[in-house]
Amino acid sequence: MGTISASKYFYLFMILFLGFQLSHCSVTYDRKALIINGQRKILFSGSIHYPRSTPDMWEGLIQKAKDGGLDAIDTYVFWDLHEPSPGNYNFEGRYDLVRFIKLVQKAGLYLHLRIGPYVCAEWNFGGFPVWLKYVPGISFRTDNEPFKIENEYGSESKSAAGHAYMTWAAKMALDLGTGVPWVMCKQDNAPDPVINTCNGFYCDYFSPNKPYKPTIWTEAWTGWFEDFGGPIHHRPVEDLAFAVARFIQKGGSFVNYYMYHGGTNFGRTAGGPFVTTSYDYDAPIDEYGLLRQPKYDHLKELHKAMKLCENALISADPTVTSLGNYEQAHVFSSKSGQCAAFLSNYHWDATARVKFNNIYYDLPPWSISILPDCKNVVFNTAKVGSKTSGAHMLPTNVRTLSWETFNEDVSTNEVDAKITVVGLMEQLNVTRDASDYLWYMTSVVINPGESFLHGGRSPILTVNSAGHVLHVFINGQLSGSAFGTRANTKFTYTSNVNLHAGMNTIALLSVAVGLPNDGHRFETQNTGVVGPVILRGLDHGTKDLSWQKWSYKVGLKGEAMNLASPSRTTSVDWLRGSLQSNKQQPLTWYKAYFNAPRGNKPLALDLGSMGKGQVWINGQSIGRYWTAYAKGQCNTCSYAGTYRQGKCQYGCGKSTQKWYHVPRSWLKPTQNLLIVFEEIGGDASKISLVQRSITYV
Ligand code: GAL
């Protein structure tokens, strides 16, 4: 089948292409549904992004999706992974899209391929390779030749250029002649025959832009992502099931769960900024690949109930009758005599007793009952089975590790610096995202006669940063740190600094925590120390340091030395037995070896004792951690009230993420190399490996 879908709020643009099961199947659509081999279908699909798990997990995840009653798997294509530098392609390992698709096919499921190139997805730079920003004359996702030559799609559909671009993208996609329909999500003006579709917590208000197009929900949000410093989100399955049933009873025929398995933002793939390494999403399959109950089973039961109604749903339009102030019946009666009914109660906290076809039915608040024969209720969206899952992180024998340390030596940085210029440079322009880290270094001379303890206090340094994190080192000593938030990445660091007579070095370590993945022209957002940088409280008044000479160094010494790699060639003087004195030492690398715990339970590192940094196992990056970032505000919710907003939150006052997924397939039986880089200071002696165990009761 052939469909197009694209774009969203903030002028986001994406193209979706709806895929195949057998190479010979034909896919078309009409106003009711997608039509596969001549047959209209009610389809359930789930997003599983291949690089957010490991290839050894894929088959199991896909099978669980199938067992959960899904017909299709949906994934984006992540351009940044596949073309890390222009013309160099990578489709290996976690990036093996073809292998993933073949596994979907082998399981007998359809594939919904969202080719992007823009993916949003809380992914670094929305999936664009960072080098794309440096193609001369380029502007992302709008009508300009360099972007199109790079074979891109985009939309600023409210502007003339956006409209022209969207139309061009649609035509280009159709001209590919894939033989399957295309969809554009949140693109109200998607040109024929492209189908515009809906993304959201609820989509029952949605209709396609032409009466002859089917009603498709490309992202039914099963939960939400987390950002460091934010709470944990939870979407109760009662609300999700209610939303899906409400969509189908209105005539919807395709629902994709975003996410069905969220997985992990390994390495530096998390976007945001501030998006956590976990992308669990409160999805029916959890980050570790285990079933989340009752979410998984409840949706499975919903899908079964819907399939029992499928013939009626695809062949008739609903007749809607009011059964009370908040109650309705949607009845689908086909000419061949099938009848399916949906009885709904939209009241958020009152149960309703309704009479339908002379029978009384009790409907819990905020719920829909499904009657595949217009008589017997087989499912109610609010009646969740008793099976619940409790996830526990249990200890393994990997607890007391024998650590060695290596300190980043800040003092020689200036010597190694490759760039020295007058003024402050934007971070990405210097790093091109080769590292999270950029050093900004300058010096200040305090004359012997000059009092730098003006009024009895030390001078005050003020640094303005566009984001995301800053560690300030004065004469090689950490003087303080500051950081922004996801909502506001900009911040100002202000603190007294200890200067002495003579030359003082000021070294600012600016740290990116994932590049933005959405927002208007997000590729133009600044990161790093944009200034001004000001020193106040000296005898000579205020000194603006912004316009003096600054030296720049991309990345850490440990990165240049490849400390995380097992095949590192340079020799390194790791210090043994130095842990005690290193406890609160910033900029420290830690190294230990461990043997893999027996069994096949999913594993995680407990980094609860650490501050902020990155972690690697056998050279593979587990991702960024930022255990020290906890936030105190949560929306709490009780079912029928705030659940409806789609966001319930918990975990306030605690670290947003304490456990970091360690894929089993990255481990050898013995001698696994664990490397941790800590920015602020932490207690590595308390790091342990835990295993995830779920009990279903
Ligand atoms: C959607 C977007 C997804 C993801 C989601 C939030 O609008 O299409 O890629 O970013 O928001 O998780």
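Student: Which residues does UniProt list for "domain: Beta-galactosidase beta-sandwich", and what are the helix and strand percentages of that span?

Tutor: Keep in mind that we are looking at a predicted model. The UniProt record, an unreviewed entry, lists residues 328–384 for "domain: Beta-galactosidase beta-sandwich". The end C-alpha atoms of this span lie 21 Å apart, and its make-up is 0% helix and 53% strand.

Student: Where does UniProt place the feature "domain: Glycoside hydrolase 35 catalytic", and how far apart are the end C-alpha atoms of that span?

Tutor: According to UniProt, again in an unreviewed entry, the feature is placed at residues 34–148. In the model, residues 34–148 are 27% helix and 21% strand, and the distance between their end C-alpha atoms is 30 Å.

Student: Are helix α1 and helix α3 roughly parallel or roughly antiparallel?

Tutor: Helix α1 covers residues 55–67 and helix α3 covers residues 97–106, and their axes come within 10 Å and cross at roughly 25°. Angles under 35 degrees count as roughly parallel, and therefore α1 and α3 are roughly parallel.

Student: How many nonpolar, polar and charged residues are in the contact of α1 with α3?

Tutor: On the α1 side the residues are P55, W58, E59 and I62, and they meet R99, F100, L103, V104 and K106 in α3. Divided by class, the residues of this contact are six nonpolar, no polar and three charged.

Student: How are helix α6 and helix α7 oriented to each other, and is their crossing left-handed or right-handed?

Tutor: Helix α6 (residues 237–249) and helix α7 (residues 295–315) pack with their axes 10 Å apart, at an angle of about 15°. The two helices are therefore roughly parallel to each other. The crossing of α6 and α7 is right-handed.

Student: Which residues of α6 and α7 make the contact, and what are their classes?

Tutor: From α6 the contact uses V237, L240, A241, V244, A245 and I248, while α7 brings K295, H298, L299, L302, M306 and L313. By class, the contact of α6 with α7 has 10 nonpolar, one polar and one charged residues.

Student: With which residue does E301 form a salt bridge?

Tutor: Side chains of opposite charge can pair when their charged atoms come close. A search of the whole structure finds 25 salt bridges. The closest N and O atoms of the pair are 3.4 Å apart, and the partner of E301 is K304.

Methods:
Residues are numbered from 1 along each chain as its sequence is written. This is a predicted model: local features need pLDDT of at least 70, side-chain atom pairs count only at pLDDT 80 or more; totals for chains, interfaces and linings use all residues. Side-chain values use heavy atoms; hydrogens and water are left out. UniProt positions are given in the numbering used here, feature names are shortened, and annotations may be inferred rather than shown by experiment. Helices (H or I, at least four residues) and strands (E, at least two) are DSSP runs, numbered from the N terminus. Axes are lines fitted to C-alpha atoms, for helices over the stretch in contact, and angles run from 0 to 180 degrees between N-to-C directions. Angles under 35 degrees count as roughly parallel, over 145 as roughly antiparallel, 65 to 115 as roughly perpendicular and the rest as oblique. A crossing is left-handed if the near helix is turned anticlockwise from the far one by less than a right angle, and right-handed if clockwise. Contact means heavy atoms within 4.5 Å. Ala, Val, Leu, Ile, Met, Phe, Trp, Tyr, Cys and Pro count as nonpolar, Asp, Glu, Lys and Arg as charged, and the others, Gly among them, as polar. A salt bridge is a side-chain nitrogen of Lys or Arg within 4 Å of a carboxyl oxygen of Asp or Glu.
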